[in-house]
Amino acid sequence: MTTLQASKREQARQTLIAFAAAHQAVAVWDRLGEDFSTQWDQGVRDEMIRTVQAGRSEAISQADGYIDRALAEQGLAFAAAGGLTINTQRLLATTPDGRTLGGLLDNGIIKAKQAIAGGSGWHDALVGSRDFIASATSDTIRQTASDFVSIDATRRPGVGGYVRQLSVPSCRSCVALAGAFYRTNTGFQRHPKCDCIHVPVSDAAAAEPYLTDPKAYFNSLSRAQQDAVFGERDAQAIRDGANPVTVINKRARGQNKRSTNLTIDDIYTVAGDNRDRAITLLRENGYLSESGRVTLARTNRVDRRDLTDPRQLTSAERRAAAQ
Ligand SMILES: [Zn+2]
């Protein structure tokens, strides 16, 4: 099995961006005290939103050009069709699953209140929400980068599909998925804390060297890693000869959804194998538009707006978000 340097580097950088932002988000969270509910509404929530949005912008900047780098290493170059441009502001306007970012982060406060209702002191209750804040931050950032790469692949007709690159030794549920080639229009399945990335290729034959053999992957892990990743029982079953793919539960895919505010995952579910349909849906939902250049997120400037609040968007962004 071959690994592209570009993919290795991309995975490491994206991990670092998500990790750093999660760390910052927890530091913001830790400013809360006994009066956390008021403090949250009077500035901490906004600060947290800015922290996560800055991380997402950075992840997008890092992901922008990744496909070119991964293709170049394979001696390939595939341009976007018809000057299709990725609207990064649209990506940033909601969470990857279509919620407001503030609404997602509010769950940290809700969990803390539930803990207090269950008898915890305020300090323990706040500490108890730290993990949620950290994983909500890093998962949102990773999914944003992944969505950007999915869109970027879709707008390039030369990119026939992708292979999933695992990061050793995590992602039990992804091992089976990493053994197969996926067409570009197949949504990139991602579970909480998943750090897998796309490896873009031209077609199924070109994907061959980058596929992970699940059994070889399993054997490459130490016994302790095998137990940690697969669980002791399943790991033992595989050591006893069971096929890892049958042991691994694949995540159920979403049902067909019809909506004017589709997430990237929804779009690929609805479009199936039809790239034109995916492009149409990406355009209808504001993720792609026709103009010469990629609209890059501004990373060096802190955007003081809450991009999840429609009132703070420009009219063009609002239109894109509302479509
Ligand atoms: Zn994964």
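What pLDDT does the protein average, and what share of the residues score at least 70? With that settled, which residues of helix α5 are buried, and which helices do they pack against?

A: This is a predicted model, and across the protein the pLDDT averages 86, with 86% of the residues scoring at least 70. Where pLDDT is low, the predicted coordinates should not be read in detail.

Turning to the part in question, helix α5 spans residues 101-117, and its 17 residues reach 25 Å from the first C-alpha to the last, close to the 24 Å expected at 1.5 Å a residue. Its buried residues are Leu101, Leu104, Leu105, Gly108, Ile109 and Ala112, and these pack against α1 (5-29), α2 (36-63), α6 (122-128) and α7 (130-154). After α5 comes Gly119, whose phi is positive, near 110 degrees.

Two of those partners, α1 and α2, also pack against each other, at an angle of about 175 degrees and with their axes 10 Å apart; because that angle is over 145 degrees, α1 is roughly antiparallel to α2. In this contact, residues of α1 including Ile17, Ala21 and Trp29 meet residues of α2 including Val44, Met48 and Gly55, and the contact residues divide into 10 nonpolar, 5 polar and 3 charged.

Terms used. Residues are numbered from 1 along each chain as its sequence is written. This is a predicted model: local features need pLDDT of at least 70, side-chain atom pairs count only at pLDDT 80 or more; totals for chains, interfaces and linings use all residues. Helices (H or I, at least four residues) and strands (E, at least two) are DSSP runs, numbered from the N terminus. The expected span of a helix is 1.5 Å times one less than its number of residues. A residue is buried if 20 or more other C-beta atoms lie within 10 Å of its own, exposed if 12 or fewer, and partly exposed in between; C-beta atoms are placed from the backbone. Two residues are in contact if their C-beta atoms, placed from the backbone, lie within 7 Å. pLDDT is the predictor's confidence in each residue, from 0 to 100. Axes are lines fitted to C-alpha atoms, for helices over the stretch in contact, and angles run from 0 to 180 degrees between N-to-C directions. Angles under 35 degrees count as roughly parallel, over 145 as roughly antiparallel, 65 to 115 as roughly perpendicular and the rest as oblique. Ala, Val, Leu, Ile, Met, Phe, Trp, Tyr, Cys and Pro count as nonpolar, Asp, Glu, Lys and Arg as charged, and the others, Gly among them, as polar.
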